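This report describes selected local features of one protein chain. The sequence and the structure are shown first.

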Amino acid sequence: GMGAYVAGGVFEASLVAWNTAPPFKYAFGNATDYGASGVRVESGTMRNCTVVSNHVEFTMPVHQFYAAVHVDKNGTVEDCVIADNTDAFGFPNDLVQVSGAKVTGCTFTVEPTVSRPLVAYVNPAGANPVWPYGSPETAATNLFEALNPQVDGLVVHLAANSTNLVTSTVALRRNVTIVGDGPRETTVVKGNRKFCLVYFYPSATEAMIANVTLRDGLCAGDDMHTDVSYTLNGGGLVRFDRAGTVSNCVLTAAQNGTGNRGYAGLGAYMDGGLLTHSLLHSFNLVSGDCPYGLVLRLRGGALVSHTVISNAVASSTGYLLHTGQTATLVWVEDGEIRNSLIVGNALTFNKDVASCGQHALAAWLKGANARLVNTTVVGNSMDMGIAGDSAGVRVEKGSVVNCLLTGNFVNSELESNAAGGGKGTWYNNAAPEYVTFVNGAGNIPVPEKLFRSGCYRLKGGSPLVNAGFKEPWIDDATDFYGFP
C-alpha cells in the first residue's frame, strides 16, 4: 500500500490521504500483484480509519487489483470512511474486496447524479458539434466527446461509413451502447496499435458495442511502456472484465507488442461477457509471443456464439511461446464457444519450440467448465518445424460436444483433428475415421462430400444432420447461418 500495509494486528483511528500510485509498472512490485494507493490489508484488521483523496494513475487493466483500499481474503475492514478516491480516469476507486474478506460498517463515495439526454451522435466529418450531440446535425467529431459523461442507458450512434480514430482506450464504466449506423465493415473504431481498444468495466454489465469494425489495437505484455493502456493481462481489441457484449462486429488487425509477452487474446480477452454474431480475422503475430490463446482467451463464464475466427497468422518472424507455454488460437479456461466456425487459420513458427508445452491448433480446453459446442473446425494449419505434441483441438479438462473437425493439418502432412488428455470428454462429434477420441461416446466418422457448395452447412441427407446431442438451449437456437 502506498499509505499503509497491514499484515496482521490492528491498524486503527488513522488518516490515510493524498497518496498516489504512480503510472509505471513497478510502482508496487509487479502490476499484476495486489496493491492499493491507500491501504492494503493482507491480514489483520483496519478499524475506524479515514481513507480519502488517494489516486491510482495506472491506465492498465489492474483496477481489480489496485484501489484506495485492497482487502485480501484474510483481512477485515470495519467502520471506516473510504471516499473521494479516484482512478486514472477520475472515476471512484475506493475498494477492492477479495472473496472471503470482511468489510462491514463502512461509508463510501456517493457518486453525483448526472443528467443528460440518452442519445448522442458521432461523425468525424461533422461541421457543427454541439453538446449533447443529440442529432446528426450537431454530432460530436470524436467518440470521447459523445461519451462525456457516461450514464446508464446512453446510446451513441456512429455515422455510417465513418472511421472513428481513438487515441486511448474506450473505457466503458456505465451501461452504454455504441452502435454503428452503417455496414459493420465500413463503420470503424480505429486505434493506433498502442493500447487495447475497448475495456468493459465490471460495472458495465449491460454495455454493448454493435455493428462496427474494431481494429488496430495492441495486446502488450509485462515489459510494456507507460503509454500502453489496458493491455497488461491481454486483450488487443476488447477486454471483457466480467461484463459487456460485442455483437455483429468485425474484430481485426490487432497485434502484440514487439518483445512483449501479451497474455492472450489479440482479438479479445474475455473474463466473462458475450461475443456474438461477429467475425474475427487477420490477426498477425509479430516478434514476441502470445501464449494462452492467440485470438481469444475465455474465462469467468464467457460465451462466444455465432462467430467466425479466420485468417489468424503467425508471421515468419513471430513465435507464440516460451518454454512450457502453449500455442493455440483459442484458450478456454471457463466459458463456451457455441455455434461458431474456426476456419482457414495458419500458424507458422520459426522458433525451436521443442522445449515448449503441448499445442492445439484451433482450441485448447483447460478447465472443467470449458466447452466447445456445435462448432465447425475446418481447414486450419500449423507448421511448428518439429513434430511436437499437437492436435487440432485438445481437451485437458472440459468437453467438446456436437462439433465437426476435419481438414486440419500440423506440419503439412499430418492431419490432426482431436486429442484427449487429462479428464476432457468428447460427445457426438464428427472427425475422420482414423481419429481416436478418448473419454467420450457417440462420435462418428466424417462422410465424404461433407459441405454444401460455397458454405459450411451440411449437405442434405448427411448422416450428421440431427445426429448430435440435444443441448437444453437448442430448441430456439439457430445455426451459424441463421437457420433453425
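This is a predicted model: local features need pLDDT of at least 70, side-chain atom pairs count only at pLDDT 80 or more; totals for chains, interfaces and linings use all residues.

Strand β22 pairs with β18, which covers residues 198-200, in the parallel sense through 3 bridges. Within this pairing, tyrosine 199 has arginine 239 as its bridge partner in β22. Strand β22 also runs parallel to β26 (residues 268-271), with 4 bridges between the two. Here aspartate 241 stands opposite aspartate 271 of β26. Arginine 239 additionally lies over the face of tyrosine 269, at 4.0 Å from the centre of the ring.

## Aromatic pairs

A pair of aromatic rings is described by two quantities, the distance of the centres and the angle of the planes. The structure holds 3 aromatic pairs. In one of them, the ring centres of phenylalanine 200 and phenylalanine 240 are 5.3 Å apart and the planes meet at 20°, so this pair is stacked. The pair links distant parts of the chain, since phenylalanine 200 belongs to strand β18 and phenylalanine 240 to strand β22, 40 residues apart. Phenylalanine 200 counts as buried because its relative accessibility is 0%. Phenylalanine 240 is likewise buried, with a relative accessible area of 0%.

Another pair is formed by tryptophan 331 and tryptophan 364, which are stacked because their ring centres lie 5.8 Å apart with the planes at 10°. This pair also links distant parts of the chain: tryptophan 331 is in strand β34 (residues 330-338) and tryptophan 364 in strand β37 (residues 359-373), 33 residues apart. Tryptophan 331 is buried, with a relative accessible area of 5%, and tryptophan 364 counts as buried at 2% relative accessibility.

## Two loop residues

Threonine 169 is found in the loop between β14 (163-165) and β15 (170-172). Its relative accessibility is 2%, so threonine 169 counts as buried. A polar atom of the threonine 169 side chain lies 2.7 Å from the backbone oxygen of cysteine 196.

Alanine 13 lies in the loop between β1 (4-12) and β2 (15-17). With 64% relative accessibility, alanine 13 counts as exposed. Beyond its neighbours within four places in sequence, alanine 13 is in contact with Arg47, Asn48 and Cys49. The C-alpha atoms of alanine 13 and cysteine 49 are 4.8 Å apart in space, although the two are 36 residues apart in sequence.

How values were computed. Residues are numbered from 1 along each chain as its sequence is written. Side-chain values use heavy atoms; hydrogens and water are left out. Two strands pair if DSSP finds at least two bridges between them. Buried means under 20% relative accessible area, exposed over 50%, partly exposed in between (1.4 Å probe, protein chains only). A polar contact is a pair of N or O atoms within 3.5 Å; within protein, one must be able to donate a hydrogen and the other to accept it, and residues adjacent in sequence count only if both atoms are side-chain atoms. Contact means heavy atoms within 4.5 Å. Rings of Phe, Tyr and Trp (its six-membered ring) pair if their centres lie within 6.5 Å; planes under 30 degrees apart count as stacked, over 60 as edge-to-face and the rest as tilted. A charge sits over a ring if NZ of Lys or CZ of Arg is within 6 Å of the ring centre and within 35 degrees of the ring normal.
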